[in-house]
Amino acid sequence: MKFLLYLSQNYSFEILRPLCSLMHKEGHDVRWFVEGSEVNKSQFQPDDIVLSTISEAISFQPDASFLPGNLVPSFIPGLKVQLFHGFEWKKKGHFRIRGCFDLYCTQGPFFTSKFEALREKHPHFTVKETGWTKLDTLFEYTKKDIPQHKSPVILYAPTFSPSFTSANSLLNAMLALSKKKSWKWKVKFHPKMDKETIEAFKRAQHENLEVIDSHNIIPLLVESDVMVSDTSSAITEFLLLGKPVVTFKNAQPEPVLIDIDDANKLEDAVEKALAMDETLKESINNYSLKMHPFTDGQSAQRVLQATIEEIENYPREENVAKPKNIFRNFKLRKRLGYWR
């Protein structure tokens, strides 16, 4: 079959790459298409075939297009598959149905139930619980030799959203702790984080406080003992490894998190996380089963199987036609410069 991998942000590579590798292995014809100018094209591999225009993507006539993003043009042929760009269900818009997708590949029971309920109101798509493709790499990475550290490693991974980010609130407290304690702080920002904030942290760097520029957060998730964040999707990825998370003013704090509302409480919160008790361990385990029960590294396989099954049964009798989305598709045509 012919498959199109559609991306507009650098973080999409981590989500689409396991799927691409599997498709090649199974002999499918795969193309990539980049929307916009925010993708670092040096991340493509030598054997990747990248289409340079939307006209080429349409002429390719894909059987299905896969997106971690929110919008896909209806004028691209084939099935449209939503992969999601994270676990940010607490942020506005995560459960918004935009009428673009035929198949939603959900991460776990929590998301499946939400989208199945939404399907009752918008019966134009199919929901399949597959797990998240990005995590195939995470669970494979856990099998490698993990660097050992004499001191605890604390990963700080805030969201970029101005209404949720803790970066400016926690900088001074984090800097003070990095000088007071032997803990190693590693800071990983979202690609969309405010540049001034990033520079402020870089100026504060020293032996125990380091800003990591790598696009790949997975090695940091596996290597670290505790995460500090706010309302980032990386929180769930870390919890799935059975590790504790300290959050600052989380949008919807849950028992699985050690949430604080004052930067002065950061030290005690991290100490509590490092000494994780049985109650917190059980809470993290139950949370993982709800959000992403798959730990076999085979989510890409499930996504591909669900897609092929949907293609073979499309259109399903139980589904109605997708909305025409005339205005939304007009904006996409304008953005992509395609008027045929």
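Here a residue is called buried when its relative accessible area is under 20%, exposed when over 50%, and partly exposed in between (1.4 Å probe, protein chains only). By that rule Gln9 counts as buried, because its relative accessibility is 12%. This is a predicted model, in which local features need pLDDT of at least 70 and side-chain atom pairs count only at pLDDT 80 or more, while totals for chains, interfaces and linings use all residues. Residues are numbered from 1 along each chain as its sequence is written, and side-chain values use heavy atoms, with hydrogens and water left out.

**Around Gln9**
- Gln9 sits in the loop between strand 1 (2-7) and helix 1; helices (H or I, at least four residues) and strands (E, at least two) are DSSP runs, numbered from the N terminus.
- Setting aside residues up to four places away in sequence, Gln9 touches Glu38, Val39 and Lys192, where contact means heavy atoms within 4.5 Å.

**Nonpolar cores**
- A nonpolar core is a set of buried Ala, Val, Leu, Ile, Met, Phe, Trp, Tyr and Cys residues joined through side-chain atoms within 4.5 Å.
- The largest such core has 87 residues, and Phe66, Trp185 and Val246 have the most contacts inside it.
- Helix 1 (residues 12-25) gives this core its largest share, seven residues.
- A second, separate core holds 24 residues, including Tyr6, Phe33, Leu51 and Phe75.
- Beyond its neighbours within four places in sequence, Trp185 is in contact with a set of residues, among them Ile154, Met174, Asn208, Val228 and Leu266.

- Helix 3 (residues 109-121) has 13 residues, which should span 18 Å at 1.5 Å a residue; its end C-alpha atoms are 19 Å apart, which agrees. The expected span is 1.5 Å times one less than the number of residues.
- Which residues of helix 3 are buried? They are Phe110, Phe111, Thr112, Phe115, Leu118 and Arg119.
- These buried residues pack against strand 6 (103-106), strand 7 (126-129) and helix 10.
- Ser288 belongs to helix 10 (residues 278-291), and Ser288 counts as buried because its relative accessibility is 12%.
- Leaving out residues up to four places away in sequence, Ser288 touches Leu239, Leu240 and Pro293.

**Helix 12**
- Phe330 is found in helix 12 (residues 326-336).
- Is Phe330 buried or partly exposed? Phe330 is partly exposed, because its relative accessible area is 42%.
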